[in-house]
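Please open the structure in the viewer and keep the selection panel at hand.

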Amino acid sequence: MAPLIESLRCDVRTFPTPEPEADGTLEWSATTAVVVQLSSAGCTGVGWTYSSAAAATVITDQLRDVVCGRPAFDIAAGWGAMHRAGRNVGTRGLWLQAMSAVDVAWWDLKARLLGVSLPALLGRCRSSVPAYGSGGFTTMSDEELAEQVASWHALGCSAMKIKIGESWGARVERDLDRVAQLRSLAGPDVALMVDANGGYSRGAARRVGAVLDELGVEWFEEPVSSDDLEGLAYLSSQLRCDVAAGEYVSMVEDLPALLPVVDCVQLDATRCGGYTGFLRGAAVAAAFHRDVSAHCAPTVHAPVAAAVPNLRHVEYFADHARLEPSLVSGAAVAQDGCLVVSEEPWELR
Ligand SMILES: [Mg+2]
């Protein structure tokens with residue numbers, strides 16, 4: 001008889017940042033991982049999302065009873081049931097982050113039950129995954145940025161991203177100074193990427209983008225709010241650099257409107273329904289001839305990124321790269337600009 005999901009455990013782990021951090025439109029001083037363990041037939045799968053403790057409440061109060069007792073191999077059926085259970089409270093945002101943690105744990109559990117690695121279960125099309133260095137918070141001093149860029153050089157990253165759009169776009173001069181500083185620190189052979197986190201108005205984004213084009217920046221992420229699809233379309237048509245967005249996408253149904261207005265779509269398996277949602281989203285992106293870039297969570301993304309033909313890269317995000325080795329053994333490590341896709345199962349620390 002097929003094994004059933006016997007238990008679900010959920011824990012909240014909070015990791016303070018060394019210093020308060022900020023991008024263009026948000027400040028934070030800690031990262032919260034909501035961790036799910038799903039057990040069946042003597043095996044336990046691990047998954048997590050980066051969210052708030054509220055996601056843990058969704059998991060324990062709303063999803064646990066939906067999941068427990070289900071056939072452990074039938075992830076798609078469980079995914080649909082979890083989604084249907086959210087009908088009256090909203091099936092995007094927090095609900096999908098909660099589902100994402102369960103879905104990743106479920107794939108991990110299935111791999112363990114079958115005695116194969118997670119990358120093997122997901123089905124590789126590559127053995128290593130390009131990773132770009134990401135951080136460059138607006139709160140960092142020049143010295144701190146220089147140190148971070150040096151750390152990305154040491155990992156062989158051929159692309160690096162910093163935050164701009166400081167104070168909702170009120171400090172354009174400092175933004176552009178920092179991009180110029182990144183160019184000089186990174187050197188001529190590194191692809192420069194910036195993320196405004198929706199901090200600019202359309203006009204400001206166009207003017208900043210024109211300077212970024214002069215500086216040879218290749219990637220302008222969320223120049224305006226990702227809710228402003230018309231603005232993204234306008235900027236894509238005006239700028240040489242790629243316009244990217246998608247980190248808040250919950251459902252594949254959101255993608256047909258977004259894909260035509262970006263050059264590369266970002267998907268986050270900790271927000272878009274775990275590996276199930278990520279693979280579906282990547283397929284929709286392929287239908288629009290777009291690459292996918294995995295947003296944050298390098299350890300969660302490494303196995304699934306290895307399985308996506310139209311993958312551009314994975315974000316080696318400073319906060320998560322720092323904390324993931326404290327969360328699990330076998331955390332993704334960048335080497336020669338790529339994440340090594342580990343065959344070893346994660347063990348929670
Ligand atoms: Mg971003």
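This is a predicted model: local features need pLDDT of at least 70, side-chain atom pairs count only at pLDDT 80 or more; totals for chains, interfaces and linings use all residues.

**The nonpolar core**

Begin with Ile59, Val102 and Met160: of the 109 residues in the largest nonpolar core, these touch the most other members. Colour domain 1 (7-115) and domain 2 (120-348) separately; both give residues to the core, so the core lies between them.

Now centre the view on methionine 160. Leaving aside residues up to four places away in sequence, Met160 touches Tyr132, Gly133, Val149, Trp152, Leu182, Ala186, Val190, Leu192 and Met193.

**The sheet and its helix**

Three of them form an open sheet in the order β1-β2-β3, with antiparallel pairing. Select β1 (7-22) and β3 (43-50), which stand at the edges; each has a single partner strand, so one side of each is left without a neighbour in the sheet. On average, and with direction ignored, neighbouring strands of this sheet are turned by 20° against each other.

Finally, select helix α1, residues 53-67. Helix α1 lies across β1, β2 and β3, and runs at about 165° to β1. Which residues of the core touch the most other members? Ile59, one of them, may be highlighted again here, together with Val102 and Met160.

Methods
Residues are numbered from 1 along each chain as its sequence is written. Two strands pair if DSSP finds at least two bridges between them. Helices (H or I, at least four residues) and strands (E, at least two) are DSSP runs, numbered from the N terminus. Axes are lines fitted to C-alpha atoms, for helices over the stretch in contact, and angles run from 0 to 180 degrees between N-to-C directions. Two residues are in contact if their C-beta atoms, placed from the backbone, lie within 7 Å. A nonpolar core is a set of buried Ala, Val, Leu, Ile, Met, Phe, Trp, Tyr and Cys residues joined through C-beta atoms within 7 Å. A residue is buried if 20 or more other C-beta atoms lie within 10 Å of its own, exposed if 12 or fewer, and partly exposed in between; C-beta atoms are placed from the backbone. Domain bounds come from an automatic or database domain assignment.
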